[in-house]
Amino acid sequence: MTFELSPEHETFREVVADFARAEIAPHSARWDEAHHFPVEAVAAMGKLGLFGLVVPEDYGGSGGDFTSLCVAIEEIGRVDQSLGLTLEAAVGLGIGPILAWGTDEQKTRWLPDLATGQALAGFGLTEAEAGSDAGATRTRARLDEDTWVIDGGKQFITNSGTPITSLVTVTSRTGQDGDGSPEISAIIVPAGTPGFTVEPAYRKLGWHASDTHPLSFDNCRVPADHLLGERGSGFRQFLATLDEGRIAIAALATGLAQGCLDEATEYAKTRIAFGRPIGVNQGLSFQLADLRVAVEASRLLTYKAAAMKDAGRPAAELKQAAAMAKLFASEAAVTATRTATQVFGGYGFMEEYPVARFYRDAKILEIGEGTSEIQRMVIARSLGLPVA
């Protein structure tokens, strides 16, 4: 039993960390202030091979493991949460479903561009009245001979309106199951399809350099062969997609917490008050010590879950591990931003310092890919508790 990443993973971490410091960190504040989605940075990440980490070589990727993807997300997120989220969603929500359930034709058509970062894909799940209760989706799709006709809308969809977005996979009601519950299927909708409208981008608290839009579908027609997997399997598909996504969000949160620790520790060493560095004060240094513990705990939970994914552990075990990692890491990240901005004092309230941006970016980590309340429900159920 080992609780360390392999030497290969650590070497890869240094490669991504060097890239993030050189190619992303110097521009993050400018992108954030301008609410600019940096296509050029996505292209550079693609050249580094980050989008193709889990994609087989036959489809343009490197055939790596899920742990490597988490390492990359953590290190990008350590300097820029928006770009870390772009990578997480592009692979976990965009590539992942096609890789897992797509036909050979669908994989051949879509994956090569997605794996190289030349294109991005989104996953349309959440709706105005179907968030945590994603099974309550109201978007509908009916089969008209050899064409799916989609009507409805989606909310908070990442990577759905960029200049390089090639498709969005959309969950829709396609009928009714035998027990009366809605039959939910996933359908690939290419960008630019008539009837598919990307609505104006949201004005968000954080993740300013990440692309997020509501989507609408009005008599949107796509070929029948754009169905992803079997008809009626959409509910199972998005549950599996969310389990993997929760591990990836835990990696993103760990990166943010580590970034806060980096910034606050350096500031505590160099900021002079009353003739000495403020880090000499136990009231401050002990907070950073606690933050170091939280970062390490987040990392261990995250990479344990990632290792379980790579080892093919049973779905029930993975679901529990993913929920624990996501819950702890996301809440640790929010705490980290409070600690870091407190260490910086008045400067922590100023946008010229990364901790202010991290503070804004952190809160959504407790919401996206399943709220903290949902994670606690999953964990409680795994204990055999009859929680509803």
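**Exercise 1.** Work out whether Glu-10 is buried, partly exposed or exposed in this predicted model, and find its salt-bridge partner.

*Solution.* 
- Step 1: Start with the accessibility. Glu-10 has a relative accessibility of 34%. Buried means under 20% and exposed means over 50%, so Glu-10 counts as partly exposed.
- Step 2: Look for a partner. Glu-10 forms a salt bridge with Arg-13, and their closest N and O atoms are 3.3 Å apart. Side chains of opposite charge can pair when their charged atoms come close.
- Step 3: Check where the two sit. Both are in helix α1 (residues 7-34), and because they are three residues apart, about one helical turn separates them.
- Step 4: Now try the partner. Arg-13 has a relative accessible area of 7%, so this residue is buried.

**Exercise 2.** Find the salt bridges that Arg-299 makes with Glu-74 and Glu-296, and say which parts of the chain each one links.

*Solution.* 
- Step 1: Take Glu-74 and Arg-299. The closest N and O atoms of this salt bridge are 2.7 Å apart.
- Step 2: Glu-74 belongs to helix α3 (residues 66-77) and Arg-299 to helix α7 (residues 282-310), so the pair ties together parts that are 225 residues apart in sequence.
- Step 3: Check for burial. Glu-74 has a relative accessible area of 0%, so it is buried; Arg-299, at 15%, counts as buried too.
- Step 4: Turn to Glu-296. Its side chain meets that of Arg-299 in a salt bridge, 3.0 Å from N to O. Both residues lie in helix α7, three residues apart, about one turn of the helix. Glu-296 is partly exposed, at 32% relative accessibility.
- Step 5: Zoom out. Glu-10, Arg-13, Glu-74, Glu-296 and Arg-299 are among the members of a linked network of salt bridges, which also includes Asp-262 and Arg-292. The structure holds 21 salt bridges.

**Exercise 3.** Which residues form a negative surface patch, and where does Asp-146 lie?

*Solution.* 
- Step 1: List the members. The patch is made by Glu-105, Glu-145, Asp-146 and Asp-225.
- Step 2: Locate Asp-146. You'll find it in the loop between β2 (140-144) and β3 (147-158).
- Step 3: Check the accessibility. Asp-146 comes out at 53%, so it counts as exposed.

**Exercise 4.** Describe the helix and strand content of residues 123-220 and 232-383.

*Solution.* 
- Step 1: UniProt, in an unreviewed entry, lists residues 123-220 as "domain: Acyl-CoA oxidase/dehydrogenase middle". This span is 0% helix and 53% strand.
- Step 2: The UniProt record, also unreviewed, puts "domain: Acyl-CoA dehydrogenase/oxidase C-terminal" at residues 232-383. Here the chain is 76% helix and 3% strand.

Definitions and conventions. Residues are numbered from 1 along each chain as its sequence is written. This is a predicted model: local features need pLDDT of at least 70, side-chain atom pairs count only at pLDDT 80 or more; totals for chains, interfaces and linings use all residues. Side-chain values use heavy atoms; hydrogens and water are left out. UniProt positions are given in the numbering used here, feature names are shortened, and annotations may be inferred rather than shown by experiment. Helices (H or I, at least four residues) and strands (E, at least two) are DSSP runs, numbered from the N terminus. Patches are made of residues with over 30% relative accessible area and no salt bridge: like charges are joined within 9 Å, nonpolar side chains (Val, Leu, Ile, Met, Phe, Trp, Tyr) within 5 Å. Accessible areas come from the Shrake-Rupley method with a 1.4 Å probe; for residues, only the protein chains shown count as cover. A salt bridge is a side-chain nitrogen of Lys or Arg within 4 Å of a carboxyl oxygen of Asp or Glu. Lys and Arg count as positive and Asp and Glu as negative; His and the chain ends are not counted. The place of a charge is taken as NZ of Lys, CZ of Arg, CG of Asp or CD of Glu. Buried means under 20% relative accessible area, exposed over 50%, partly exposed in between (1.4 Å probe, protein chains only).
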